[in-house]
Amino acid sequence: MKHIVIALFLLPATVAAQDTLQTRISYDLTAETAVGTGNHTAYHLAANRHHVLSTRQNTAYLRGALSMTHQISRDWRLQAAVDAIGSVHGDHRVYLQQAYARLSWRGLYAEAGSREDALVVRQGQLSIGSFVKGTNAKPVPQVRIGTHGFVDIPFTAHWVQANFDAGYGKFMDSGYREDRFRQAPGVNNRYTTGAYYHQKHLYFRTNPTKPLFVLVGIEHAVQFGGTSHTVGADGQLTTKHKPANLKAFWDVILPLGDSNYFENESMEDWVWGNHIGVMTYQLGVNLSRHQRLQAYCDNPFEDGSGVRKGNGYDGLWGLQYSNSAPGRQLVRGAVVEYFQSTNQCGPLHWDSGDWPEPVRSQITDLVTGNDDYYNHLFYDGYSHYGMTPGIGLITSPIYNSDGYTSYRDNRIRAWQAAANGEIDNRWSYLAKCTYREGRGTYVRPLTEKSHSFDALLQGIYSRGPWQLSAAYALSLGNILGDSHTLNFKISYHGKLL
């Protein structure tokens, strides 16, 4: 990572010296603070923002980013960026939020580094998020390839478009996981370090300019490799290592496993890695040239039973309105969504494959449930620095006050409504409200149902390169506790070339 950062700082100057007419260098400076009552920053100020603002109350940060774009030729383009944050009373003090270099050819790109991704098919400011590749956690450094948005598929006469992205990376939170384990030795019995990451998505849609269009696709992510540190029955810490060689990189593309996992004493290897996915089905209607309405369902899965929709109504169900008309639009976008993760293919898992002979042949029934979303036997949980990369409403481990590093409350129901728009040429707004209730997990159900009401109202003022915003957010209930947060942010976008 150090060498990547040095290269990114030197690259703009080198390229600019070669051809300043085709090189653009810009910078962004941001200061933000959140103050209020309660133990945590209100949910809607901390969630779905790549873990930029701390989950702790009464926090602030300074952020500086440098970006470069060089147009090599009509078809080739080079981009790079460095983005650093220093925080006060934050979850982290000083760190690189983004550092990447990207080489593009027409609608395709190859990239190395850490970058904040936007949601592919959802309105990022308004939606609950994505079950797999959401915007809730810090980005994971990767080497990746993909398309710039949706591109036309050849020989379809512009009727079918595709959006693709795939990469391999590594989780950077090994030290954080070890610290959390050692701070709460009586609560946790394992932690995993050095885990690798593979992600991909593929979406197809018909021509979105037609009166009706459809979209289908899939997102998939997996944790693999790494070393698990587990407290045994004798109280001693034992380790088990998973390979991250070329074979492992190939094997995790699909959820395959070890058919001899009993003989190899690797129960968790019936499927290599911790696989998480979501399938999306979406119908769009163009109400006018600039106004669009879309209905959708995102179906989460962690194994074959979820793929077969054995998880009932689990998923994100929504209605999304968008308005791309120029000028002031009082309602630029609006979303109404319902999210459920209570079914998880049922409370029981009874599979002959989980037992060696002679028990295996005696089990004739098959019940594949208790998917236990985001939790895993070897990798503890699908999280990065304690935050879920997926749906933020499934309470991230960073909020566990006793230091527990897995998910305690992944069976939830939630309703959200959100809207944004412009009041005049300089003022815009963002408003959200969410109600959520949870029931714990199937293994450890809550004795008292968890619940919360979260709301946000934000005003944004833009003038030239300056943008200022003020927001009030609240969280009420027994999940994060009652909190009221005032938020102030100022940012400046400048150009060097």
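**Close-up views of a sheet and of salt bridges**

**View 1. Y191 and H229 are bridge partners, the latter residue lying in β12.** In this predicted model, strand β12 (residues 227–231) and β9 pair in the antiparallel sense over 4 bridges. Helix α3 (residues 174–183) packs on the sheet and touches β9, β12 and β13. The direction of helix α3 makes about 165 degrees with that of β9.

**View 2. An open sheet is built from 3 strands in the order β9-β12-β13.** The pairing is antiparallel. Because β9 (190–193) and β13 (237–241) each have a single partner strand, they stand at the edges, and one side of each is left without a neighbour in the sheet. From one strand to the next, the twist averages 20 degrees.

**View 3. R74 and D75 meet through their side chains in a salt bridge.** The N to O distance is 3.9 Å. R74 is exposed, with a relative accessible area of 76%, whereas D75 is partly exposed at 21%. The whole structure contains 22 salt bridges.

**View 4. A salt bridge joins E111 and R102.** The closest N and O atoms of this pair are 2.8 Å apart. E111 is buried at 3% relative accessibility, and R102 is also buried, with a relative accessible area of 11%.

**View 5. D117 forms a salt bridge with R144.** Their closest N and O atoms are 2.8 Å apart. D117 lies in the loop between β5 (108–114) and β6 (142–147) and R144 in strand β6, so the pair ties together parts that are 27 residues apart in sequence. D117 is partly exposed, with a relative accessible area of 22%; R144 is buried at 4%. Through shared partners, salt bridges join R102, E111, R115, D117, K133, R144 and D165 into one network.

Technical notes. Residues are numbered from 1 along each chain as its sequence is written. This is a predicted model: local features need pLDDT of at least 70, side-chain atom pairs count only at pLDDT 80 or more; totals for chains, interfaces and linings use all residues. Side-chain values use heavy atoms; hydrogens and water are left out. Two strands pair if DSSP finds at least two bridges between them. Helices (H or I, at least four residues) and strands (E, at least two) are DSSP runs, numbered from the N terminus. Axes are lines fitted to C-alpha atoms, for helices over the stretch in contact, and angles run from 0 to 180 degrees between N-to-C directions. Contact means heavy atoms within 4.5 Å. A salt bridge is a side-chain nitrogen of Lys or Arg within 4 Å of a carboxyl oxygen of Asp or Glu. Buried means under 20% relative accessible area, exposed over 50%, partly exposed in between (1.4 Å probe, protein chains only).
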